[in-house]
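Okay, thanks for coming, everyone.

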Amino acid sequence: MHKAVYPGSFDPVTNGHLDIIRRASIQFDEVIVGVLHNSQKTPLFSVEERVNMIKSITSDIPNVSVQAFEGLSVNFVRSCGAQVIIRGLRAITDFEYELQMAQTNRVMAPDIDTMFLITSLEYAYLSSTTVKEVASFGEDLDKFVQPIVAKALRRKLLGNEL
Ligand code: ADP
């Protein structure tokens, strides 16, 4: 069984994340999306909300599951019985941080490898932060996130259900 974990904040999950999840699900028998509960940060969405949104938009992919986790990614990956961490790479700006994290993880857990999937061109600019910013101005979110996520953003940031 070739299992991979895709860890992240997913606050909220964007079409860029979904693209990585779909592509990873083709390469691995099982993909576990790990949603980080970080007590040092205040996310817009609770960890339960983030988990539920990802579950809902990946319900058509049978080999993908979603779990919340706390602490180090490598410990979570081990507890899942997985050997691989998936991360997405957008631009040079992602690279330095991702390289440092992958190398640190490799020192802590030489049995676990990080694999990077390069973003699809149409999602290269997309981040949870910019999506939240656009959402706060009430703009259309259809190109950035799935409808259920757009609805949750409108409810959270604008207090409206439309
Ligand atoms: P983190 O806080 O762990 O960086 P994110 O939710 O921002 O969590 O991102 C999780 C992973 O998904 C990271 O590897 C990030 O580079 C990647 N990612 C984010 N947005 C995109 C995108 N548009 N295309 C491809 N990968 C992405």
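Let's start with M53, which sits in helix α2; helices here are DSSP runs of H or I with at least four residues, strands are runs of E with at least two, and both are numbered from the N terminus. Quick housekeeping: this is a predicted model, so local features need pLDDT of at least 70 and side-chain atom pairs count only at pLDDT 80 or more, while totals for chains, interfaces and linings use all residues. Residues are numbered from 1 along each chain as its sequence is written, and side-chain values use heavy atoms, with hydrogens and water left out.

Back to M53: buried or exposed? M53 counts as buried, at 6% relative accessibility, where buried means under 20% relative accessible area, exposed means over 50%, and partly exposed is in between, with a 1.4 Å probe and protein chains only. From M53 to P110 you go 57 residues along the chain, and their C-alpha atoms are separated by 32 Å.

N52 is also a helix α2 residue, and that helix covers residues 47–57. N52 is partly exposed, with a relative accessible area of 47%.

F28 is buried, at a relative accessible area of 7%. F28 and A109 are 81 residues apart in sequence, and C-alpha to C-alpha they are 20 Å apart.

Now the loop between β1 and α1, which holds F10 and P12. What joins D11 and P12? A cis peptide bond, with omega about 0°. F10 has a phi near 50°, a positive value in a residue other than glycine. As a reminder, most residues other than glycine have a negative phi, and most peptide bonds are trans. F10 is buried too, at 3% relative accessibility.

F10 takes us to the ligand. Which residues come nearest? Of the 15 residues around the ligand, those are Y6, S9, F10, G88 and Y123; to be near, a residue needs a heavy atom within 4 Å of the molecule.

On polar contacts, I mean pairs of N or O atoms within 3.5 Å; within protein, one must be able to donate a hydrogen and the other to accept it, and residues adjacent in sequence count only if both atoms are side-chain atoms. A backbone N or O atom of F10 is 2.9 Å from a ligand oxygen atom. E98 brings a polar side-chain atom to 3.3 Å from an oxygen atom of the ligand, and T119 brings one to 3.0 Å from a ligand nitrogen atom. Taken alone, the ligand exposes 550 Å², and the protein buries 88% of that; those areas are Shrake-Rupley values with a 1.4 Å probe.

Which elements give two or more residues to the shell around the ligand? They are β1 (3–8), α1 (15–27), β4 (84–89) and α4 (92–108). The largest share, 3 residues, comes from α1.

Last stop, T114, in strand β5 (residues 113–118). T114 is buried, with a relative accessible area of 17%.
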